[in-house]
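Welcome! Take a moment to turn the structure around before reading on, and then follow the topics below one by one.

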Amino acid sequence: MQATINRELCVNVPMGAGSLAELRWSVWTYLAAAEVAPGMIDDILIALHEAVANAIRHSGSESDVTVRVRAARTRVTVDVKDEGKGLDPRIPLPPGPPSLAAEGGRGLYMIWSLMSSARLNPSKGTHLVMVKELFPGGT
């Protein structure tokens, strides 16, 4: 895993579930240094984990997943990009609550629930942009 910091954290995550713990630690360290509240960091880490795990599990790509995290005074923006086959266009976005009986399918719902906003940008593969407002409803 390769990470660089220059006002934002950029991480190339290898296609393997073992790299997720190191990614979470790198992002936690970056956000804590940016003085993001611990509860907000938890939401961001869960959403990021789900996004990268989905890319590893479903993209079909052998290339690294690119993660960029930018902490500003009022928000944190997280970009997750892979070069895989892209998201199935039949999946509704934002996703509704999953069936309690389903074995999977909770990742996208969790992302949309934990983050202030999430959107897919057109690209080769999947490019998910997630934003967490640090002071929701405030000025």
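**Strands, helices and a loop**

Leu 9 stands opposite Val 69, a residue of β3. Keep in mind that this is a predicted model.

**How the strands pair**

- β2 (8-13) and β3 (65-71) run antiparallel and are joined by 6 bridges.
- β3 is also joined to β4 by 6 bridges, and these two strands run antiparallel as well.
- One place to look is Thr 66, whose bridge partner in β4 is Lys 81.
- Between β3 and β4 there are 3 residues, and the two strands form a hairpin.
- Here is a general point to remember as you look: in a regular strand, side chains alternate between the two faces of the sheet.

**Helix α2 on its own**

- How far apart are the end C-alpha atoms of helix α2? They are 30 Å apart, and this agrees with the 30 Å that its 21 residues (38-58) should span at 1.5 Å a residue.
- Several residues of α2 are buried, among them Met 40, Ala 47, Glu 50, Ala 51, Asn 54 and Ala 55.
- Which elements cover the buried residues of α2? The cover includes the strands β2, β3, β4 and β6 (126-133), along with the helices α1 (20-33) and α3.
- After α2 comes Gly 60, which has a positive phi, near 75°.

**Where α1 meets α2**

- Two packed helices are described by the angle between their axes and the distance between the axes.
- For α1 and α2, the angle is about 150° and the axes lie 10 Å apart.
- The crossing of α1 past α2 is right-handed.
- On the α1 side, the contact is made by Leu 20, Leu 23, Arg 24, Val 27, Trp 28, Leu 31 and Ala 32.
- On the α2 side, the contact is made by Ile 41, Ile 44, Leu 45, Leu 48, His 49, Val 52, Ala 53 and Ile 56.
- What kinds of residues make up this contact of α1 with α2? They divide into 13 nonpolar, 1 polar and 1 charged.

**A proline in a loop**

- Pro 94 sits in the loop between β4 (75-82) and α3 (107-114).
- Is Pro 94 buried or exposed? Its relative accessible area is 56%, so Pro 94 is exposed, since exposed means over 50%.
- Pro 94 and Leu 108 are 14 residues apart along the chain, and their C-alpha atoms are separated by 8.0 Å.

Methods: Residues numbered from 1 in each chain as written. Predicted model: local features only at pLDDT ≥ 70, side-chain atom pairs only at ≥ 80, totals over all residues. Heavy atoms only, no water. Helix = DSSP H or I, 4+ residues; strand = E, 2+ residues; numbered from the N terminus. Buried < 20%, exposed > 50% of the residue type's maximum accessible area, 1.4 Å probe, protein only. Expected span 1.5 Å × (residues − 1). Contact = heavy atoms within 4.5 Å. Axes fitted to C-alpha atoms, helices over the stretch in contact; angles between N-to-C directions. Left-handed = near helix turned anticlockwise from the far one by under 90°. Nonpolar A, V, L, I, M, F, W, Y, C, P; charged D, E, K, R; others polar. Pairing = 2+ DSSP bridges.
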